[in-house]
Amino acid sequence: TDITARALAQGAEKILGVPITIENKGGGGATVANGLLATKKPDGYNLLATSTGSITVRPLLVKLAYAPKDFRVLIQYTSYIGGLVVRADAPYKTIQEFIAYAKAHPGMTYASSGPHTQQQVGVESFARCNGLTFKHMPTKGGANSNTALMGSHVDFIAGSGSHLPLVEQGQFNELIIFHQDERDPARKDIPVMKDINCPPTNPPNGMIIVSPAGLPDAIADKLSAAFKQVADSAEFKALLAKYNLPDTYMSGPEVQKGFPAEIEWYKKYFSDIGMIKP
């Protein structure tokens, strides 16, 4: 998120003719930064690179100082597409072999970047569809999950993109891709959920630029156009490719139009597993 946001900011500086200062605000899976932005004046001088899930999903689970209505999305420039990842020397080479093994060995362990994250929910959705049970070992990020798998501390991981270089190096295998209906054109050999007769897992987590709600249209249009110009550039597309991130550009209104469906998906999921009341 930091690398891509800085690239967007540097490009937008040249277009807008003003400097853009980057400040990292960690904590709470982006909820600290989201809450801070929601208190700012909607004048175009305070923006945030964050994830759709931190805006739509987290308020379902934790009482927060903000809600989706408190933000205006300017642009989505990429998204996290996850999958089920194993060591290359694992005894299962296909998702069908993995499912058969998991049924014979209930309680296999996996790592993800945290409980109720997009990646972890993807694994649990996969498990529910196939009648499997796993033990979750949350970590502090994708790199930590990769380390856990390399050291055989877990049986598999919920990958979110940082695993792909290790797949390319032959250390890991990705057995199935979550969060999308169609196969990845760049990795056509890897199945998606419908290939194993399961519904898609949770919606992908978009990486977005947002302002506080109430930003005037003229300012929003100017900022959105500048960020889109950067996102459309060959340099930015090359950066996404370098970090194995898909080009899933969407306009701000398109992203916000999808919020209700995303919220309803997670409401049903958390209700089904007993996390929230129906």
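Mentor: Start with pairing: two strands pair if DSSP finds at least two bridges between them. Keep in mind that this model is predicted. Now look at S9, where Ser251 is the bridge partner of Ile75.

Trainee: What makes S2 and S9 a pair?

Mentor: Two bridges join S2 (residues 71-80) to S9. The cut-off is at least two bridges, so S2 and S9 pair. They run antiparallel.

Trainee: Which sheet holds them, and in what order?

Mentor: An open sheet of four strands, ordered S1-S8-S2-S9, with antiparallel pairing.

Trainee: Why are S1 and S9 called edge strands?

Mentor: Strand S1 (48-51) and strand S9 (250-251) each pair on one side only. That makes them the edges.

Trainee: What lies across this sheet?

Mentor: H1 lies across S1, S2 and strand S8 (205-212). Its direction is at about 120° to S2.

Trainee: Why is H1 called roughly antiparallel to H10?

Mentor: Helix H1 (residues 2-16) and helix H10 (residues 234-242) pack at an angle of about 175°. Angles over 145 degrees count as roughly antiparallel, so H1 is roughly antiparallel to H10. Their axes are 11 Å apart.

Trainee: Which residues meet there?

Mentor: From H1, Ile3, Thr4, Ala7 and Leu8. From H10, Phe236, Leu239 and Leu240. The residues of this contact divide into six nonpolar, one polar and no charged.

Trainee: Now the other sheet. What is its strand order?

Mentor: S5-S4-S6-S3-S7, five strands in an open sheet with mixed pairing. Its edge strands are strand S5 (134-138) and strand S7 (172-177), each pairing on one side only. The twist averages 30° from one strand to the next.

Trainee: How do you know that S3 and S7 pair?

Mentor: Strand S3 (residues 83-87) and S7 share five bridges, in the antiparallel sense. Pairing needs at least two bridges, so the call holds. Leu84 stands opposite Ile176 in S7.

Trainee: Step back to the whole protein. How many helices and strands does the secondary structure come to?

Mentor: Twelve helices and nine strands.

Trainee: What share of the residues is buried?

Mentor: Buried residues make up 46% of the 278. The cut-off for that label is under 20% relative accessible area.

Conventions. Residues numbered from 1 in each chain as written. Predicted model: local features only at pLDDT ≥ 70, side-chain atom pairs only at ≥ 80, totals over all residues. Heavy atoms only, no water. Axes fitted to C-alpha atoms, helices over the stretch in contact; angles between N-to-C directions. Parallel < 35°, antiparallel > 145°, perpendicular 65-115°, else oblique. Contact = heavy atoms within 4.5 Å. Nonpolar A, V, L, I, M, F, W, Y, C, P; charged D, E, K, R; others polar. Buried < 20%, exposed > 50% of the residue type's maximum accessible area, 1.4 Å probe, protein only.
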